[in-house]
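Grab a pencil and open the structure viewer.

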Amino acid sequence: MKILVIEDNKSVCSMIEMFFAKEGIEGEFVNDGLEGYNRFKNGTWDALIVDWMLPGMEGVTICRKIREEKYTVPIIMLTAKDSESDQVLGLEMGADDYVTKPFSPLTLMARIKAVTRRFQNQVSNDGEESIKSEHFQVSKNTREVIVDGTPITNLTPKEFDLLYYMVEHPKQVFSREQLLERVWGYQFYGDERTVDVHIKRLRKKVETASQPFFHTVWGVGYKFDESIKTDEI
């Protein structure tokens with residue numbers, strides 16, 4: 001596995017490099033955002049780890065530009081920002097996951113394995129699956145989403161993954177822990193707002209006032225149900 005790390009803190013880079021060596025991962029490390037973005041475009045990578053605050057070009061800008069150019073490489077953002085609004089921004093710009101500083105190297109390695117495993121599974125399943133329902137047409141091969149005849153073109157990779165999984169399992173109730181394990185690919189210890197943030201973004205992008213799809217099951221989690229016309233269960 002070959003991973004590009006764009007991080008201006010050299011001690012953090014040294015720590016990550018040590019764990020990469022233990023895992024047999026080939027890592028390249030860049031300390032400037034603009035240089036890192038150019039390095040990304042001139043190479044082939046299995047994943048990208050990018051810090052939020054960087055000289056030259058901020059991490060969120062790097063994410064946005066990579067997604068605008070239709071690259072699907074998994075991206076993990078390192079950030080000292082832990083507010084919900086910051087998480088929303090990073091995820092909306094195209095990051096698949098985020099790790100809040102200070103972090104355990106073991107946690108970072110678990111996230112890397114999860115996002116790359118999920119991406120590899122998607123590639124191997126390309127062309128095998130598409131879903132049609134009353135309101136949705138979702139293609140895993142082309143990663144296209146059509147809702148009531150209207151293409152939805154602004155989903156991040158992880159928003160698509162979550163939508164596909166829930167449309168694939170209509171009316172089934174999932175806890176946040178289950179969704180993290182089955183969509184993100186790991187058991188999450190700590191802040192579970194990752195799921196809440198993604199559900200919130202999906203609601204804004206695919207629902208209307210008269211037709212909700214993602215319903216909160218209080219005290220449990222969420223379910224996808226096209227037959228319910230209100231968000232109360």
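**Exercise 1: Strand E1 and its neighbours**

In this predicted model, strands E1 (residues 2–6) and E2 (residues 26–30) run parallel and are joined by five bridges. Work out which residue of E2 is the bridge partner of Leu-4, and which residue of E3 stands opposite Leu-4.

*Solution.* 
1. Start on the E2 side: Leu-4 has Glu-28 as its bridge partner.
2. Now look at strand E3 (residues 47–51), which also pairs with E1 in the parallel sense, over four bridges. Here, Leu-48 is the residue opposite Leu-4.
3. Follow the chain from E1 to E2: together with helix H1 (residues 10–23), they make a right-handed β-α-β unit.
4. Check the cover: four of the five residues in E1 are buried.

**Exercise 2: Buried or partly exposed?**

Take the salt bridges Lys-113 to Glu-23 and Asp-97 to Arg-111. For each residue, decide how covered it is, using under 20% relative accessible area for buried and over 50% for exposed.

*Solution.* 
1. In the Lys-113 and Glu-23 pair, the closest N and O atoms are 3.2 Å apart. Lys-113 sits in helix H5 (residues 105–125) and Glu-23 in helix H1, 90 residues apart.
2. Lys-113 has a relative accessible area of 37%, so call it partly exposed. Glu-23, at 39%, is partly exposed too.
3. Asp-97 and Arg-111 meet at 3.3 Å, N to O.

Conventions:
Residues numbered from 1 in each chain as written. Predicted model: local features only at pLDDT ≥ 70, side-chain atom pairs only at ≥ 80, totals over all residues. Heavy atoms only, no water. Buried < 20%, exposed > 50% of the residue type's maximum accessible area, 1.4 Å probe, protein only. Helix = DSSP H or I, 4+ residues; strand = E, 2+ residues; numbered from the N terminus. Pairing = 2+ DSSP bridges. Right-handed = clockwise from strand over helix to strand, strands pointing away. Salt bridge = Lys/Arg side-chain N within 4 Å of Asp/Glu carboxyl O.
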